[in-house]
Amino acid sequence: MTVVGPMDRRTVGPSDRGISSAPVRPSGGPPVLDVRDYNFWYGPSQALADITFAIPRRAITALIGPSGCGKSTFLRSINRLNELIPRTRHTGDILLEGVSVFSRGTDVVALRRQVGMVFQQPNPFPKSIFDNVAYGPRLNGLCRSRDIPERVEQALRRAALWDEVRDRLASPATSLSGGQQQRLCIARALANEPEVLLMDEPCSALDPGATQHIEELMVELKQNYSIVIVTHNMQQASRVSDYTGFFYLGRLIEFEATKQLFTRPRDERTEAYITGRFG
Ligand SMILES: Nc1ncnc2c1ncn2[C@@H]1O[C@H](COP(=O)(O)OP(=O)(O)O)[C@@H](O)[C@H]1O
Ligand SMILES: [Mg+2]
């Protein structure tokens, strides 16, 4: 069997071209995101290599893998947040609804509206609860100003937060608990009417109760949104996701329906990781 050694100084592991990682094409129409031979570098150091897979629409896709394997870099590639980091470059392509996110015509503000993102640490703006959620629609001119309150309420309802905050919309967002702040950040993203929601370890800073709340919310949201979640928590990936991708040393080793990946992994490294033998 393959010996899985500790992370070496090389960021990207050896090629895995022999290993089957055929993209899963679910029955629900074309994928929302199509990743084609995507490579990414921080300066001279390659962080992602030959990433090719299709992310299904209206489903939850979990990305797992040891720390430093490129999960966050991959997420930040989708909404082009990596461009804010100097001396980075990429090759290959990522298509959102069939259109390259890197094409000249792509407006990054519009892209980041379409592709919302939630981070590990809840990061509400130092504003009121209301203004946090109204921020995107105002910035993007998504509706008339008199329709903003309705839009805020709708986003807070979708994020399962409305009942807890309806009487304190003018309070600072920072007065909320960590779990509520994370749902507020989800509401802030939803207020932009995104197609895709990227979540980078959204529950890592939350207690089990708040985590369960977010997981239930994700399952609810996948009816209308395509969700990509990075998680270190294998139980979480197997509980909530429909598809799972295993990243290792900058490569996507395996991408499968979640049940398949956790019960019958094709690759020895996937098996080693999900059974806790490394990472
Ligand atoms: N801003 C950065 N500048 C240089 N290297 C980075 C930067 N961010 C991440 N990296 C490197 O890229 C690799 C992948 O990191 P990351 O995407 O954060 O992995 P993960 O989210 O899976 O833990 C790591 O080797 C990390 O050190
Ligand atoms: Mg990360």
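Of the 70 residues in the largest nonpolar core, Ala 187 and Leu 198 touch the most other members, a core being a set of buried Ala, Val, Leu, Ile, Met, Phe, Trp, Tyr and Cys residues joined through C-beta atoms within 7 Å. The model is a predicted one, in which local features need pLDDT of at least 70 and side-chain atom pairs count only at pLDDT 80 or more, whereas totals for chains, interfaces and linings use all residues. Residues are numbered from 1 along each chain as its sequence is written, while chains are lettered from A and ligands numbered from 1 in the order in which they are written.

Leaving aside residues up to four places away in sequence, Ala 187 touches Val 133, Ala 155, Leu 156, Arg 158, Ala 159 and Leu 161, where contact requires C-beta atoms, placed from the backbone, to lie within 7 Å. The protein has 10 helices and 10 strands, taken as DSSP runs (H or I of at least four residues for helices, E of at least two for strands) and numbered from the N terminus. Of its 279 residues, 42% count as buried; a residue is buried if 20 or more other C-beta atoms lie within 10 Å of its own, exposed if 12 or fewer, and partly exposed in between. Among contacts with a separation of 6 or more, 72% are between residues 24 or more positions apart.

Six strands form an open sheet of mixed pairing, in the order S6-S7-S8-S3-S9-S10, with pairing taken to require at least two DSSP bridges between two strands. S6 (115-118) and S10 (251-257) stand at its edges with a single partner strand each, so one side of each lacks a neighbour in the sheet. From one strand to the next, the twist averages 15 degrees, the angles running from 0 to 180 degrees between the N-to-C directions of axes fitted to C-alpha atoms. A second open sheet has four strands in the order S2-S1-S4-S5, with antiparallel pairing; its edge strands, S2 (45-55) and S5 (99-100), each pair on one side only.

| Strand pair | Bridges | Sense | Residues opposite each other |
|---|---|---|---|
| S6 and S7 (196-200) | four bridges | parallel | Met 117 and Leu 198 |
| S7 and S8 (226-230) | five bridges | parallel | Leu 198 and Val 228 |
| S9 (243-248) and S10 | six bridges | antiparallel | Tyr 243 and Ala 257 |

Strand S7 is largely enclosed by the rest of the structure, because five of its five residues are buried. Both of its faces are covered, with Val 196, Leu 198 and Asp 200 buried on one side and Leu 197 and Met 199 buried on the other; Leu 197 also stands opposite Gly 116. S10, although an edge strand, is likewise largely enclosed, because six of its seven residues are buried. S9 and S10 form a hairpin with two residues between them, and Leu 249 in the turn has a positive phi of about 50 degrees.

Ligand 1 is surrounded by 12 residues, the closest being Tyr 42, Ala 47, Lys 71, Ser 72 and Thr 73, where a residue is near the ligand if its C-beta atom, placed from the backbone, lies within 6 Å of it. By class, this shell has four nonpolar, seven polar and one charged residues; Ala, Val, Leu, Ile, Met, Phe, Trp, Tyr, Cys and Pro count as nonpolar, Asp, Glu, Lys and Arg as charged, and the others, Gly among them, as polar. Helix H1 (residues 71-78) supplies the largest share of the shell, three residues. Seven of the eight residues of H1 are buried, so the helix is largely enclosed by the rest of the structure; the buried ones are Lys 71, Ser 72, Thr 73, Phe 74, Leu 75, Ser 77 and Ile 78.

**Positive phi values**

Most residues other than glycine have a negative phi. Arg 80, which follows H1, has a positive phi near 60 degrees and is found in the loop between H1 and S4; with 17 other C-beta atoms within 10 Å, Arg 80 is partly exposed. Asp 37 has a positive phi near 45 degrees and lies in strand S1 (residues 33-42), where Asp 37 counts as exposed because it has 11 C-beta neighbours inside 10 Å.

Methods
Contact = placed C-beta atoms within 7 Å.
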